[in-house]
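Please keep the sequence and the model in view while reading.

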Amino acid sequence: MNIPNALTLFRIALIPVFVLIFYLPWQWASTACSAIFIVAALTDWLDGYLARKWEQSTPFGAFLDPVADKLMVAIALVLLVSALPDDVFKIPVTIAAMVIIGREIVISALREWMAELGKRASVAVSMVGKVKTTLQMIAIIVLLAAGPAMPFFVRPLGNLLLFVAAGLTLWSMVVYLRAASGEFGLGADNK
C-alpha cells in the first residue's frame with residue numbers, strides 16, 4: 001500500500017457518503033455533493049501525479065484507479081438522472097448520461113482486450129479523451145451544485161456542458177475504436 005493507492009481507495013470510500021448526502025433533504029446537500037465530487041476529481045489527479053513523481057505505480061493502482069473514476073462518474077450520472085424533473089431536458093440528459101456510461105464500458109472492454117493482445121499502448125489515453133474527461137467532470141460538478149439556492153441558469157449550463165461532453169465522448173470512442181480497428185480485421189493493413 002502506498003499513498004497513491006490510498007487516495008484511490010479513499011475515492012471509492014467517498015461513494016457511499018456521496019450517495020447518502022445526495023438524498024438528504026437539506027438545502028446544502030447539492031453543494032456538499034458537488035464538493036465531494038471535486039475532492040474525488042482532485043484526488044484522481046493527485047494519485048496519478050504522485051504515482052508518477054514518486055515512481056510508485058503498481059499493477060493494483062493501475063487496475064483500481066480507472067475503476068474508481070468510472071464508479072464515481074457513473075454513480076453521479078445515475079443519481080443526477082434519477083433526480084431530473086419532468087421537463088424538456090430529461091430525455092437529452094438521460095441520453096447523454098447513457099452515452100457517457102456506455103462509452104466507458106466499451107472502452108474498458110477494448111483496453112482489456114488490447115492488453116491481452118499485447119497492444120494496450122494502441123488505445124492509450126488521447127488528448128480528446130483528456131478534454132472529454134475534464135469537461136465531463138466540470139459538467140457533473142455544475143449539475144450537482146444546481147440545487148434550489150443556485151441561480152436559474154446553473155442547471156441549463158450544466159446540461160449544455162454535459163451535452164458537449166457526450167459529443168466528445170462519442171468522438172473519443174471513435175478515435176479509440178479506429179486505433180484498434182486493425183485488430184477487428186477492419187483496418188487497411190488487414191486484407
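The model is predicted, so local features need pLDDT of at least 70 and side-chain atom pairs count only at pLDDT 80 or more, while totals for chains, interfaces and linings use all residues. Residues are numbered from 1 along each chain as its sequence is written, and side-chain values use heavy atoms, with hydrogens and water left out.

**Largest pocket**

- The largest pocket holds about 1,400 Å³ of space, and of the 44 residues that line it, Asp44, Asp65, Pro66, Asp69 and Val125 are the closest to its centre.
- Pockets and cavities are found on a 1 Å grid over the protein atoms alone: a pocket is an open set of points with protein on both sides within 12 Å along at least five of seven lines, a cavity is a set where a 1.4 Å probe fits but cannot get out, and lining residues have an atom within 4 Å of a point.
- Grid points are joined across faces, edges and corners, and a volume is the space filled by probe spheres set on the points.
- At least two lining residues of the largest pocket come from each of α1 (3-22), α2 (29-53), α3 (59-82), α4 (90-116) and α5 (127-145), where helices are DSSP runs (H or I, at least four residues) numbered from the N terminus.
- By class, the lining of the largest pocket divides into 19 nonpolar, 12 polar and 13 charged residues; Ala, Val, Leu, Ile, Met, Phe, Trp, Tyr, Cys and Pro count as nonpolar, Asp, Glu, Lys and Arg as charged, and the others, Gly among them, as polar.

**Second largest pocket**

- About 340 Å³ of space lies in the second largest pocket, which is lined by 18 residues, with Phe22, Leu80, Ala83, Leu143 and Ala146 nearest its centre.
- α2, α5 and α6 (154-180) each give at least two residues to the lining of the second largest pocket, and the largest share, three residues, comes from α2.
- The lining of the second largest pocket is made up of 13 nonpolar, four polar and one charged residue.

**Cavity**

- One cavity of 30 Å³ or more is counted, and the largest cavity has a volume of about 40 Å³.
- Arg11, Phe37, Ala40, Ala41, Asp44, Asp69, Met72, Val73 and Met137 line the largest cavity, with four residues, the largest share, coming from α2.
- Six nonpolar, no polar and three charged residues form the lining of the largest cavity.

**Helix α4 and its end**

- α4 has 27 residues and reaches 39 Å from its first C-alpha to its last, close to the 39 Å expected, the expected span being 1.5 Å times one less than the number of residues.
- Among the buried residues of α4 are Val93, Ile100, Arg103, Glu104 and Arg111, where buried means under 20% relative accessible area, exposed over 50%, and partly exposed in between (1.4 Å probe, protein chains only).
- The cover over the buried residues of α4 includes α3, α5 and α6.

- Serine 172 is found in helix α6 and is buried, with a relative accessible area of 0%.
- The side chain of serine 172 makes a polar contact with the side chain of arginine 103 (3.1 Å); a polar contact is a pair of N or O atoms within 3.5 Å, of which, within protein, one must be able to donate a hydrogen and the other to accept it, and residues adjacent in sequence count only if both atoms are side-chain atoms.
- Not counting residues up to four places away in sequence, serine 172 touches Arg103, Val128, Gly129 and Lys132, contact meaning heavy atoms within 4.5 Å.
- Glutamate 55 lies in the loop between α2 and α3 and has a positive phi of about 50 degrees although it is not a glycine.
- Glutamate 55 counts as exposed, at 72% relative accessibility.
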